[in-house]
Every structure is written in structure tokens, then in C-alpha cells.
Amino acid sequence: MSAETDNGKTIRVTNPADGTVVGTVPVGTAADVSAAVDNASGALGKWSSLLPRERGKILFNAATAIRQDRERLATLLTSEQGKPLAEAKNEIMGCANVFEYYASISGSIKGDAFPRSDYGYSITIKKPLGVCGAIIPWNMPALIMAWKTGPALVAGNALIVKPATSTPLTCMEMASVIRQAGIPEEILRIIPGSGEEVGSAIAAHPGIRAVSFTGSTETGRKVESAACGTGKHLTLELGGSDPMIVCDDADIPAAVAGAVAGRFYNCGQTCTAVKRLFLFEDIADEFTAALEAGVAGIKIGNGLSPGVRMGPMNNGSGRERIKELVEGIRESGDGTILTGGEIPKGGEYEKGYFYEPTIVTGVPAGSPLMREEVFGPVLPVSIVSGMNEAIEAANSVRYGLGASVWTESISRAAKAAEEIEAGIVWVNRHLKIPPEVPFGGEKASGTGRENGIYAPDRYMTEKTVIISP
Ligand code: NDP
């Protein structure tokens, strides 16, 4: 891991590119979670009684503060997470966009009114739930924190955030920037610490009314179990194995660029990365040759160095899993390693968790590369005879997060959008999601949606009032 504890008292966060210490944070405990719940409960009245537009203004100021501080925050993010600086800046600017979006809809959070009945007039009003929790992964720590913080705070709640052990620093710095814009410390509290201790304490605490969790499907199930019996509202954003289908009428250069960016952005550690590539047979040879050329142009290195397009993986255990999967392909012969497939050697590569961008062709449906979530820079490629076979293959795994189809045909696009089991289907692109668009998964990829105008509802309850005239 790129984080270790010193005597169980502090977490030492190290740079996955070179092992240097980036910073230390205290190890949080279940008692810290309980104290944070008590403090938040005491401070809630003032925060939740602000006009929603007043909370919106504070979030707008937070967005401005994040933009102004983007260089420092992005450099910190690259140093603890590993991603290239350009990607880190993109992520920090994405956080500002999310806070601005929730500021912009703050005055539109509303209930409903119904026609007069025999009993009188009926309305519903929305109320904040109270103290809520957020559990964050390491792959996009800042953006995923913003996806939870924006809607929870604009709705008038307090939020206790547990960042991942390997990437707590950017979340903590972002929280302090946001607080300077006027959000009280008790209302936004970050508690670093292990998932087993702090994460499960957040999931199980009876005073925490909602939890939004982003992480692997397996951990999501543990969060569900810990929350069981507490009556919490749960939003689960879990793993994915997104298919990308390239039809024979697709714009090949655009699709190749989409596959390279879609798989190797963030060193392949994105929930909605392209994790399985299905090519129509007529274009397979041309596409694969162009893909290999596209991957050859990816410069690997420390994310802070100019020109680097792919940093190290975030942690040693993730790289070990990728290495095992690729070794498994070598041993079984279930696929051909077209390019990559090794840990790069020499110089700076010896100090970090680097892995070459890898393409494996001819991967059968039963291979672990096709069935598991591959969370690193390895792209398995398979050839399909047409759309029906592609959709069947796309739907054959337990995940249902994202998918993309690349075609000039509106009817093919419509068929894929209708039939692929996923929370989001892109046509002629992959990956990017604006803050106003709902996002989440189907099947083992989760329940509930983040982003968009309805996200604050995940942190609110509805009260019905009937007025008899
Ligand atoms: P993990 O599931 O390992 O961890 C996620 C978070 O949960 C971390 O903060 C972790 O803490 C914490 N955690 C671990 N154990 C528990 C527990 N028993 N109870 C409560 N919390 C716990 O995921 P990763 O951090 O490895 O992130 C990668 C995964 O996240 C991938 O599967 C990816 O697809 C998914 N993801 C999904 C997204 C979506 O929107 N659907 C978006 C981004 C990522 P710690 O590690 O510090 O101990």
C-alpha cells in the first residue's frame, strides 16, 4: 500500500511513484466517529435552518476557493494518488463544477402540492436527514468526495467523510478550503482511518441517517451488513466492468482514441474505465493495429513530470493483482499479449508501482480478464460477429455500471442503449459525466444515483402535510 501506520497512531501517506513520504494524518477510531456525530448533531440546527439559497452561496464560494487553489490541490493529489498532474487538475476543477452545480440548484429543492381532496390541501416538504456519512475510495478521492459533499450539504445535513487510507490528504485539504468559505467544521468532518474501523463505524452508527459508499462490490456488501438494522438510507456506487462495443461503421480513429483514454486514464483505475473491448470482426485487424500504435505513445512516469500520460498504480496490492492476471494469461494461453504485460525496469520505475499499458487480444469469455473487474492498465479485446453477440457478451458479467457503443447508426445505438444492462450508456464516447447527469450502477455495480438534481433527495426525507380548510 502507499500508506502505512506508525505505532497505530498516524498514517504515513507515501507517493506511489517513488515511495517518498507525502504527509501524515492521525489514525481515526470508532470513538472519533461517535464524537463527530455528537458534535455534528449540536451544530446542525443552525446549518439546516439557513435558507437553502444561503447554503448555496456558501457552496458557490467553496467552488471559487477550490478553483483558486487548484494547482496546490492537484499537486497534492498527484503526489498521494499517482495520476498525471493534468488529470489531477481536471479532477479538482471537476470538484469546483460539482459545488457550483449544487449552489445553482439550491433554491430549487422543493416538495410537491396536490389537488384539493375531501380532506383538504396536501403538500409535501423536504427535510434534511441530519448527520450523514460518506466512504470514499482512492481512485478519484477529491471528485467522489465532492459528489457526496455537494448534495448532502446543500440539503442541510452534516457529513462525516472517511477517505481511503492511501489518499486522505487531498480530501482533508479540500475540506479545509471549503470550510474557509463558511462551512462549520462540525458540519463537514473528515476522519481518516481504516475501513474496518472508521468505515464500519460510520456504516453501523445509529445516529448516522444515510451513508453514501463508493468502492468495490465486496466492501459495499460489508457496508450493507454493518448498516443492517439501523434504518439508514444507503447509496452504493460499486465496481464495474464496462464494455466498449465498436461496430463496423464506427469512426475508427475516434474510437481508438476513446479506447486508449477510456482504459488508460488514471492508470486504468477508474470505475467506468473501458474494461472489455468488443470489436466487430470486419474492423478488428485495422482497429487493433491502430490501438497498439495509440498505446505506444503513452509515456509512463511520475505524474508530476512533464509529458507523462500514465502514472504508477496507486498501491502494491493492486499491481500484484494485475501482474497475476497477466501471468495467468501467459500460462493458460487464453489470449495473446499484444503489447505491454510487464513491470517496466530501471531508473525511476524501480521505486514506484508502475505497470506497462497492456493489450491482450483473443480473450475468451470465461477468462478472469473478462469476468472480474480489472482495476489497472490492462485491456482485454474480443471479436464479435455483430450487435446481438456483443450485447450478450456485455451483459454476461455481474456488473452493470457503464458501457459504450461506437457506431454511425442511430438504430444500432438505440438497440445498445436499450438492451445493455448498465446505469449509463455512452454513444461515440466513454468516461466523462457532467455533474447535472445522474450516475450510478445496476446489478453488482450498486444502487442509487449520485449527481443531478435528485441527488440531494438521497440525503433528505419527505413529510406530508394535509391542511383541512
Ligand atoms: P475498497 O472497496 O477497497 O475501499 C473503498 C473505501 O471503503 C475505502 O475508504 C476503504 O477504506 C473503505 N472500507 C474498507 N473496508 C471497509 C469496511 N469493512 N466497512 C466500511 N468501509 C470500508 O475500494 P478501493 O478503494 O480499492 O476503490 C476501488 C473500487 O471502487 C473499484 O471497485 C471501483 O470500481 C470502485 N469505484 C466505484 C465507483 C462508482 O461510482 N461506482 C467510482 C469509483 C470507484 P481503507 O481502504 O482505507 O481501509
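User: When is a residue near a ligand, and which residues are closest here?

Analyst: A residue is near a molecule if one of its heavy atoms lies within 4 Å of it. Here 32 residues surround the ligand. The closest are Ile136, Thr165, Leu238, Cys271 and Glu373. This is a predicted model: local features need pLDDT of at least 70, side-chain atom pairs count only at pLDDT 80 or more, and totals for chains, interfaces and linings use all residues. Residues are numbered from 1 along each chain as its sequence is written, and side-chain values use heavy atoms, with hydrogens and water left out.

User: Which side-chain atoms lie by an oxygen atom of the ligand?

Analyst: Start with the idea of a polar contact. That is a pair of N or O atoms within 3.5 Å; within protein, one must be able to donate a hydrogen and the other to accept it, and residues adjacent in sequence count only if both atoms are side-chain atoms. In this model, an N or O atom in the side chain of threonine 165 is 2.4 Å from a ligand oxygen. For lysine 162, a polar side-chain atom lies 3.0 Å from a ligand oxygen. Glycine 215 uses a polar backbone atom, 3.4 Å from an oxygen atom of the ligand.

User: What are the domains of the protein chain?

Analyst: Domain bounds come from an automatic or database domain assignment. Here it gives domain 1 (3–238 + 445–467) and domain 2 (242–434). Their C-alpha centres lie 30 Å apart.

User: How much area do the two domains bury?

Analyst: The size of an interface is often given as the accessible area lost when the parts come together. Buried area uses a 1.4 Å probe and is summed over both parts. Domain 1 and domain 2 bury about 2200 Å² between them, 50% of it on carbon and sulfur atoms. Contact means heavy atoms within 4.5 Å. By that rule, 26 residues of domain 1 touch 30 residues of domain 2.

User: How many salt bridges join the domains?

Analyst: A salt bridge is a side-chain nitrogen of Lys or Arg within 4 Å of a carboxyl oxygen of Asp or Glu. The count between domain 1 and domain 2 is one. Glutamate 218 and arginine 398 meet in a salt bridge at 2.6 Å, N to O. The structure as a whole holds 22 salt bridges.
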